[in-house]
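User: Can you walk me through this model? Start wherever you like.

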Amino acid sequence: MKIVAFNGSPKGKESNTHVMVGAFLEGAAKAGADVENVFLAEKKIDHCLGCFQCWASPAAECVLKDDMAELIGLFSSADIVVFATPLHNDNISSRLKIFIDRLLPLGNPYFAVDAGGETVHPNRGGECPTFVMIANCGFPEQSHFQVLRLLAQRMARNYKTEFVAEIYRGGGAWLTEPAAAEVVARYTDLVREAGEEVVAAGRLSEGTRRRLEEPLIPSPDFAGIYRQAVNRYWDEALGGRKQA
Ligand SMILES: Cc1cc2nc3c(=O)[nH]c(=O)nc-3n(C[C@H](O)[C@H](O)[C@H](O)COP(=O)(O)O)c2cc1C
């Protein structure tokens, strides 16, 4: 089994997202998968021009000559694709969005109807990999991932596949915070388990999914504690200077 992760954080290897993806792929590799970790920040990916030339071309070729041809090859070689992102304005990062838009050559221009009676493009041919979503955000609550949860449903429909795991982490600033290392180690152990589970069982179990949604520290006031820590950080960073 081959798993390819596409990390859409502008911070690449330094990102909070990478802490999650790294643990997930470690678990997956331990369970026997071949894993590849792609940092979109290191790639040249131009915006889709919307010209549909890829659909008119028999070889499904895009007119833009950048790193996307290589990345589409990687995407298509995977059994499982991981879309990984920080939350930006309640949504996926712009880098990940541009990458997903540029998967258009894999689509098919014709209109068909899905099981719910809604119009959909058929896939161009061949099986689509199954998907995993991994995301973190700066705010502490899990409620901030509403848009991503809905996006995952829509992407599964559009690509005629399924998300076998969705791993969302509020309070993401702590993932690379040395003072939170112990708490984060417990969390990454769980993400590692998730990676193992997805390879061994084909999907995340309900029990692990629920544990992944729990706050980073077992306190009913995790959000308050985290907010105070973040505000202290900004007090120090701003050194008493008032914001305009
Ligand atoms: C442009 C921008 C928009 C952001 N929007 C949100 C947001 O809507 N909600 C949120 O909780 N955090 C938001 N954040 C905070 C990031 O999600 C947070 O810093 C995250 O830990 C960054 O992950 P990374 O290190 O993997 O890039 C935003 C950050 C940036 C730079």
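Analyst: Start with a strand pair. Met-133 stands opposite Glu-166 in E7. The model is predicted: local features need pLDDT of at least 70, side-chain atom pairs count only at pLDDT 80 or more, and totals for chains, interfaces and linings use all residues. Residues are numbered from 1 along each chain as its sequence is written.

User: In what sense do E6 and E7 pair, and over how many bridges?

Analyst: Parallel, over 6 bridges; E6 covers residues 130–136. Strands (E, at least two residues) and helices (H or I, at least four) are DSSP runs, numbered from the N terminus. Two strands pair if DSSP finds at least two bridges between them.

User: What packs on the sheet?

Analyst: Helix H6, residues 181–201, touching E3 (80–86), E6 and E7. H6 makes about 175 degrees with the direction of E7. Axes are lines fitted to C-alpha atoms, for helices over the stretch in contact, with angles from 0 to 180 degrees between N-to-C directions. Contact means C-beta atoms, placed from the backbone, within 7 Å.

User: What's the strand order?

Analyst: E2-E1-E3-E6-E7, an open sheet of 5 strands with parallel pairing.

User: Why do E2 and E7 each have a side without a neighbour in the sheet?

Analyst: E2 (34–39) and E7 (163–169) stand at the edges with a single partner strand each, so one side of each lacks a neighbour in the sheet.

User: Switching topic: what is Phe-6 in contact with, beyond four places in sequence?

Analyst: Val-38, Leu-40, Val-81, Val-82, Phe-83, Ala-84, Leu-96 and Phe-99.

Note on methods
Contact = placed C-beta atoms within 7 Å.
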